[in-house]
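Please open the structure in a viewer and keep the selection panel at hand.

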Amino acid sequence: VLALALDHLVRNRGMKGRVCRSVVTSHFVDAVARSHGLEIRETPVGFKFIGELMRTGNYIIGGEESGGFSILGHVLEKDGILACMLIIEMLAYDKKPLKKIRQDLHKRLGEFFSVKTSMPITDDIERLIERLTLKPPLSLAGFSVWRIDQTDGFKFILRDGSWLGLRPSGTEPMVRIYAEATSQKKLDQ
């Protein structure tokens with residue numbers, strides 16, 4: 001929804017500016033931003049970080065993986081009603097079913113497959129996090145790790161843009177695991 005809303009705001013409303021998203025939000029947003037020549041900025045997880053950037057007036061949209069987002073000139077808090085209204089507005093502008101708009105965007109920019117799961121923090125998980133801190137892996141499922149982002153937990157980014165994120169929840173005794181790839185097969189790996 002964040003990627004669709006961003007594309008709509010630029011294509012149909014002519015908005016310009018920067019885009020911000022949390023570190024574990026889909027890179028589909030980045031692909032849309034790049035296709036329109038917009039700069040993207042990552043934040044730690046938590047809408048308060050998005051809100052801080054939005055407050056500057058330089059960002060047209062900011063969002064996070066939990067589905068919350070806001071736009072320039074709106075309240076600096078995630079707003080589900082706004083998200084619904086923007087999608088309805090996009091449908092009115094484009095005069096196509098949502099499925100077709102989404103397919104067209106994927107055809108233009110590629111597919112993004114993602115998953116999120118949670119696990120209770122156990123002694124084994126704590127040892128894993130400690131091991132990752134001391135000696136992060138250089139490959140995942142046979143793919144070379146290109147970069148490791150530790151903005152909020154660990155985000156292992158592969159050369160093709162696929163990534164695996166692992167971060168302790170800030171609200172529960174859980175660890176969140178996120179993954180994204182350009183194919184279902186690679187996501188499963």
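This is a predicted model: local features need pLDDT of at least 70, side-chain atom pairs count only at pLDDT 80 or more; totals for chains, interfaces and linings use all residues.

Select G68 first: leaving aside its neighbours within four places in sequence, G68 is in contact with F47, G62, G63 and K78, where contact means heavy atoms within 4.5 Å. G68 is found in the loop between β3 and β4. Helices (H or I, at least four residues) and strands (E, at least two) are DSSP runs, numbered from the N terminus. With a relative accessibility of 8%, G68 counts as buried; buried means under 20% relative accessible area, exposed over 50%, and partly exposed in between (1.4 Å probe, protein chains only). Now display L82 as well: its C-alpha atom is separated by 9.8 Å from that of G68, 14 residues apart along the chain.

Residues are numbered from 1 along each chain as its sequence is written, and side-chain values use heavy atoms, with hydrogens and water left out.

**The hairpin and its sheet**

β3 and β4 form a hairpin with five residues between them, and G67 in the turn has a positive phi of about 100°. The two strands run antiparallel and are joined by three bridges; two strands pair if DSSP finds at least two bridges between them. Within this pairing, I61 stands opposite I71 in β4.

β3 is mostly covered, as five of its five residues are buried.

In what order do the four strands of the open sheet lie? The order is β2-β1-β3-β4, with mixed pairing. The edge strands, β2 (40-43) and β4 (69-71), each pair on one side only. From one strand to the next, the twist averages 15°.

**The helix across the sheet**

Select α1 (residues 2-11), which lies across β1, β3 and β4 and runs at about 170° to β3. Axes are lines fitted to C-alpha atoms, for helices over the stretch in contact, and angles run from 0 to 180 degrees between N-to-C directions. α1 is mostly covered: nine of its 10 residues are buried, namely L2, A3, L4, A5, L6, D7, H8, L9 and V10. Their cover includes β1, α2 (28-35), β3, β4, α4 (80-94) and α5.

To view the contact itself, show A3, L4, D7 and R11 in α1 together with L98, I101, R102, L105 and R108 in α5.

Apart from neighbours within four places in sequence, H106 is in contact with F28, E111 and F112.

**Two positive phi angles**

Most residues other than glycine have a negative phi, and most peptide bonds are trans. Select K95, in the loop between α4 and α5: K95 has a positive phi of about 55° although it is not a glycine. K95 is exposed, with a relative accessible area of 71%. Then move to A141, in the loop between β6 (139-140) and β7 (143-149). The phi of A141 is near 50°, a positive value in a residue other than glycine, and at 49% relative accessibility A141 counts as partly exposed.

**The whole chain**

Finally, show the entire chain, which has seven helices and 10 strands. Its radius of gyration is 17 Å, close to the 16 Å that the globule rule gives for 189 residues, so the chain is as compact as a globular protein of that length. That radius is taken over C-alpha atoms, and the rule is 2.2 Å times the number of residues to the power 0.38. Of the 189 residues, 43% count as buried.
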